[in-house]
Amino acid sequence: MARSLRVAVVGAGWAGLAAAVRATQAGHAVTVFELAGMPGGRARSDDDSDAATDNGQHILLGGYARTLALMRDVGVDVERALLRMPLSVTYADGGGFALPASGPRLLAAAGALAAARGFGLADKLSAVAMALAWQWRGFRCPASLTVAELLHRVPTGRVRRRLIEPLCVAALNTPLAEASAEVFLAVMRDSLFGARDASDLLLPQRPLAHLLPLPALTWLHAHGATVHLRTRIDGLDKRADQWRLGGQVNPEDSFDRVILATPALEAARLTRPLAPDWSATAAALSHEPIVTLSLTAPKRAWPAAMLALDSDEATAPAQFAFKLGAQPPDVDRVTLVVSAAGSWLARGSDAVAASAIAQYRRVFGVPDDESVRLDSVRADKRATFRCTAGVVRPPRGILPGLQAAADYVAGPYPATLEAAVRAGEAAARDLDR
Ligand SMILES: Cc1cc2nc3c(=O)[nH]c(=O)nc-3n(C[C@H](O)[C@H](O)[C@H](O)COP(=O)(O)OP(=O)(O)OC[C@H]3O[C@@H](n4cnc5c(N)ncnc54)[C@H](O)[C@@H]3O)c2cc1C
């Protein structure tokens, strides 16, 4: 084995935890510093109980190979923790598209399109033509192309609105008019048209804390790593190849390597004096909110546990509704998700909530004399970076001995748990360089 290094990991989101676990496995002496009292970052729970509330509804995909492997390695029973179902974009009226559980991908996708409900022949033909054109071009396109431009010629308005828009907004958290077609096609290639179960939806059955953050913390403690929660790092200093961190718990400690696993703006702040160009690239990323609403509503029959909703800019903010976990006998406990929520949030979270409830009433036919109760509304203003066409993301390497590992660093995918875990693992792999 290569020599054991003293490694500081700043941030215990999914990227930082991936970096810490893999670096510990490689024999390095790892110390993690995390600002919050709970690990998990943007994919965290409020506390460690089984009834904890998450920062927002998360969906994993079958293609999240590195995330699923990491969860298994820290002792998570992935099959129980996640409900696996074939990809579907199903609407409350039963319309939409659902992949079969098995079969060769392309045939399965073509069959699902042919069987899609609520689409006419012209819609289906245009969708098949679109899929063939993507395949023909190897799922590649110029970096400057937006998803709206990619779709300009082929699909009908209905395919665009009811199929592509929900997939794009869910994956890239960026409106179609600005979203990167290059990244969208990479997601399509590796999920919908990827390996057999890559497009499966994996819906958390437990609070997010139990999917990775807490088991990873237990694993790190058991394998000799040190984790300091409630510890904010506020500066970086390098002397004679040794790193010291402002705010570190023991001022005498020094580190051979530092992995910055914070969000982009914090990494930009910490690196400004040392690496101004890298810092400027990270600081230039813009961000897009996601709003998550929890409702208690009258019982209704749903065709699937996760439903797509027709959304628009004027009256209907939410794109997806979830009815997950054990449900009370008399009411539905529902989660609504508003992705790419920037323009909605500019009207205030009360306005988003009022519009989302009105949308819910329309879609599920709930009259005014029946109550729909808003239990919570959470707005994460910087949920992800905006994955726009041509966006320049900073590289993982910052300076010798200093790397960034998080969902925003340069890579083929948008800001997801899998992008974060991959960045963390790659940083751990490159420690010896
Ligand atoms: C509401 C919402 C819904 C989402 N839905 C999905 C989904 O369905 N599927 C999906 O794949 N992804 C989803 N995402 C995206 C996903 O959550 C992120 O891509 C991922 O969690 C990012 O992980 P990270 O480790 O890169 O960063 P973060 O999670 O932001 O972790 C950074 C960590 O650094 C800590 N930190 C910051 N500054 C300091 C400091 N100075 N010192 C010490 N620690 C510091 C923070 O407290 C945090 O714990 C969603 C995100 C949100 C917000």
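The protein exposes about 18,300 Å² of accessible surface, and 54% of this belongs to carbon and sulfur atoms. Accessible areas come from the Shrake-Rupley method with a 1.4 Å probe; for residues, only the protein chains shown count as cover. The model is predicted: local features need pLDDT of at least 70, side-chain atom pairs count only at pLDDT 80 or more, and totals for chains, interfaces and linings use all residues. Residues are numbered from 1 along each chain as its sequence is written, and side-chain values use heavy atoms, without hydrogens and water.

**Fold**

There are 14 helices and 18 strands (DSSP runs numbered from the N terminus: H or I, at least four residues; E, at least two). The C-alpha trace spans about 70 × 50 × 40 Å along its principal axes. Of the 433 residues, 55% count as buried (under 20% relative accessible area, 1.4 Å probe, protein chains only).

**Ligand site**

The ligand is surrounded by 34 residues (a heavy atom within 4 Å). Glu34, Ile59, Tyr64, Glu266 and Asp407 are the closest. By class, this shell holds 17 nonpolar, 11 polar and 6 charged residues. Here Ala, Val, Leu, Ile, Met, Phe, Trp, Tyr, Cys and Pro count as nonpolar, Asp, Glu, Lys and Arg as charged, and the others, Gly among them, as polar.

Polar contacts pair N or O atoms within 3.5 Å.

| Residue atom | Ligand atom | Distance |
|---|---|---|
| Ile59, backbone N or O | oxygen | 2.7 Å |
| Ile233, polar backbone | nitrogen | 2.9 Å |
| Asp407, polar side chain | oxygen | 2.7 Å |

The protein covers 93% of the 1,000 Å² of accessible area that the ligand has on its own. Elements giving two or more residues to the shell are α1 (14–25), β16 (373–385) and α14 (417–429).

Terms used:
A polar contact is a pair of N or O atoms within 3.5 Å; within protein, one must be able to donate a hydrogen and the other to accept it, and residues adjacent in sequence count only if both atoms are side-chain atoms. Buried means under 20% relative accessible area, exposed over 50%, partly exposed in between (1.4 Å probe, protein chains only).
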